[in-house]
Amino acid sequence: MDLKLTASKRTVNGRHVRRLRTEGVVPGVVYGHRSESEAVSLDAAEFRRVYAKAGRTHLVDLQLDGGRAEKILIKEVQTHPRFEGAQHVDLFRIDLKEKLQIEVPVTIVGEAPPVKRGDADLLINLHAIEVECLPSEIPEAIEVDVSGLAEIDDAVRVHDLHLPENVTVLTGGDEMIVKVQAHRVAEEPVEEAAEGEEAAAEGEEGAEGEAETAETEASTES
């Protein structure tokens, strides 16, 4: 899958970049591979299409101002809760001969029997695994099969993964990725309830005592 992005050098900065966004342009920066960072502008619609397919793990050919295409990774995408689409993007230049460290998303496949029966929930603890490898060997995703988790408290940890030899896992081996967890039952605050009932009873007794005292005083006065 060959993905391409076109960009142009950007001279507009600061608060003026808002105007670019209204014109369907995404501001960004290109950096990495021992080179200075460059401010760029990208077509918002084109970036959206490419990012939907590439994510942050697939190599993209970036052509800047009609020049020679270079390999990049989409490093970061900034968004805003009130505005649609990317507000700013970071593009990372890479060298195909140099290994890099990158987080690869975890994909859960299969279904754990206790979860399928409705006896438990699936707790996902890690959504990405950090690895080191050559850019051309970055896994698109790391699949974690949970169909073998037959009992409650069964789990898959990082050291259980089977990745290609050319991919080195950097996340700690004992880190739990996913676990079958028993349903959480909301515990009733028994002690607090008991204390509340006792306090209410004491209040009622106190009120009855005050009423009796008032009646006695009234009969004495009469």
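A nonpolar core is a set of buried Ala, Val, Leu, Ile, Met, Phe, Trp, Tyr and Cys residues joined through side-chain atoms within 4.5 Å; buried means under 20% relative accessible area, exposed over 50%, and partly exposed in between (1.4 Å probe, protein chains only). Helices (H or I, at least four residues) and strands (E, at least two) are DSSP runs, numbered from the N terminus. The structure is a predicted model, in which local features need pLDDT of at least 70 and side-chain atom pairs count only at pLDDT 80 or more, whereas totals for chains, interfaces and linings use all residues. Residues are numbered from 1 along each chain as its sequence is written, and side-chain values use heavy atoms, with hydrogens and water left out.

Not counting residues up to four places away in sequence, Ile 129 touches residues including Ile 102, Val 104, Ile 142 and Ile 177 (contact means heavy atoms within 4.5 Å).

In helix 2 (residues 44–54), the buried residues are Ala 44, Glu 46, Phe 47, Val 50 and Ala 54. Viewed down the helix axis, these buried residues fall within an arc of 155°, so they line one face of helix 2; the arc is that of the directions from the helix axis to the C-beta atoms. The face turned away from this buried side carries the exposed residues Arg 48, Arg 49, Ala 52 and Lys 53. Among the elements covering the buried residues of helix 2 are strand 1 (4–9), strand 2 (25–31) and strand 5 (70–80). After helix 2 comes Gly 55, with a positive phi near 60°.

The largest pocket is lined by 15 residues, of which Val 26, Glu 84, Gly 85, Ala 86 and Gln 87 lie nearest its centre. On a 1 Å grid over the protein atoms alone, a pocket is an open set of points where a 1.4 Å probe fits, with protein on both sides within 12 Å along at least five of seven lines; lining residues have an atom within 4 Å of a point. Strand 6 gives the most to this lining, with 5 residues.
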